[in-house]
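Here are my notes on the model you sent. Please read them with the structure open.

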Amino acid sequence: MKKHDANFPSLLLKNGKIKEQFHHALKAVILNGQLKPGAKLPSSRTLCETMSISRNSVIAGFERLIDEGYLISKKGSGTYVSPIIPDEMIHISAVAHSEQRGDDGPSLNISPHMQAMFEVWDKTAPYMTQNRMFNIGVGCTDLFPHELWGRLLGRTWRQFRKQMGQLNDPLGFKPLRLAISDYIRTTRGLNCTQDQIVIVNGTQQAMNLAAQVLLQAGDEVWLDEPGYDGALGAFTAIGAKVRPIVSDKQGMDIAYGIQRWPQAKMIFTAPSHQFPLGGTLSLSRRMALLDWAAENKAWIFEDDYNSEFRYTAQPIQALQGLDQQRRVIYAGTFSKMMFPEFRLGFLVVPNNLIESFKLAKYYADTRTSYLEQATLAAFIADGHYARHVRRVRKACYERQQALIEAIRLYLPNSFRVEPSDSGIHLVCWLAGHLQELDIIDKCREVGLGAQPLSRYCQTESTGQAVLLGFADHPASELVEGVRKLAVIMD
């Protein structure tokens, strides 16, 4: 395609927010009829070359317009204008967004931290995918016991009819807090009582509450590099300065953090399974972190999102269980073991912080939904959750091994996989001649939801790698997905 091909409209971009401009410009030529329904778009590579913009910007625009319903992607064929354009509803949404960003609407006095949050989001948005094989962060949804859960939910509903209208504790449903405290003391070695449990709507709210209670604008926070972008967004939202701390097979490099940013007020860490590389924080580093935090009155936010997904070794004790100085805030989640839309998690906070977190939770959303809490309490107390964990853990290990073998069979010269004893995704390091975005493009062409390692880096990535989730699909489907990728890469 030539730069001024008459069959494709010219997209005029100015200096500035190129990703946003490309998205809005492409949407405009669709709405004004320059691009007709069903029209095929040039590839992302062609557009980035002809328009002299980054491929990230083009991919971001495509992904957003697909999510909004303006474009559709056909496996092995390309990207097309949708035959049905959602004019009115999407137009209202776009206007609201542009006004908030200050592009074309009135200037609004929004928080100065929002610009930094948009920068985090702009890096994340191009890779947000749904219902695709190899999506990361999704557990064995096909193994969820729907019928059993339905019976427990029905029983809870019948009992709830007698209690409707009664206020519940912002900390959460007491029987659930008791069930969780009993479970994590036994399985994770935590030192806590039910009074220290705060029920939250997932890990993201847990991080937001911790930031609100414990941090001020300008405070420094350690985050693994590469690290969880959800944490980067949560701490950026309150104006914290997020500092990247290098990680290796022993997890976060504590000595590096102390040397570079000794004034930090909080350390975000996932010691059982560092995200996304999968390292386990060594005992010596754990003790060094606890000692330093106690001496410097810093807080440790322990994200134990993956602790139940250990396959051949026993789970290691949580950092909170080793903490003698009450500096650790522990967060757990059920969405990985249940399903992504199951928005229930919990915090374990030191006794002297309980009232502060209770107040923050109350003004965040008053309290979490009663029905899900009560049903989960029964699910745990009756032993169903423990059985479900064992079943899922066995299936995940089998799926992990199937994916590793498929990669070694079909992509031996392209991917180098480092097997892990835990987690629900694999890190696949690319051979020297391969680039992340090229592989991601190939994955999208065959409907795969792999993620680039660079998505989770604040600084320049030291290696090219893609992340493949394996928990949400049977072994045979994972093998077929790798085979399809190998064919299109050949």
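**Notes on the fold interior**

1. Strand 3 (residues 197-200) is covered on both faces. Ile 197 and Ile 199 are buried on one side, Val 198 and Val 200 on the other. Buried means under 20% relative accessible area, exposed over 50%, partly exposed in between (1.4 Å probe, protein chains only). Helices (H or I, at least four residues) and strands (E, at least two) are DSSP runs, numbered from the N terminus.

2. This is a predicted model: local features need pLDDT of at least 70, side-chain atom pairs count only at pLDDT 80 or more, and totals for chains, interfaces and linings use all residues. Residues are numbered from 1 along each chain as its sequence is written, and side-chain values use heavy atoms, without hydrogens and water.

3. Strand 3 runs antiparallel to strand 10 (residues 345-348), joined by four bridges. Pairing requires at least two DSSP bridges between two strands. Opposite Ile 197 stands Val 348 of strand 10.

4. The largest nonpolar core has 70 residues. Phe 334, Leu 376, Ile 407 and Phe 415 touch the most other members. Helix 15 (residues 384-410) gives the most to this core, nine residues. Apart from that core lies another, of 31 residues, including Val 200 and Trp 299. A nonpolar core is a set of buried Ala, Val, Leu, Ile, Met, Phe, Trp, Tyr and Cys residues joined through side-chain atoms within 4.5 Å.

5. Beyond its neighbours within four places in sequence, Phe 334 is in contact (heavy atoms within 4.5 Å) with residues including Ile 180, Phe 346, Leu 376 and Tyr 385.
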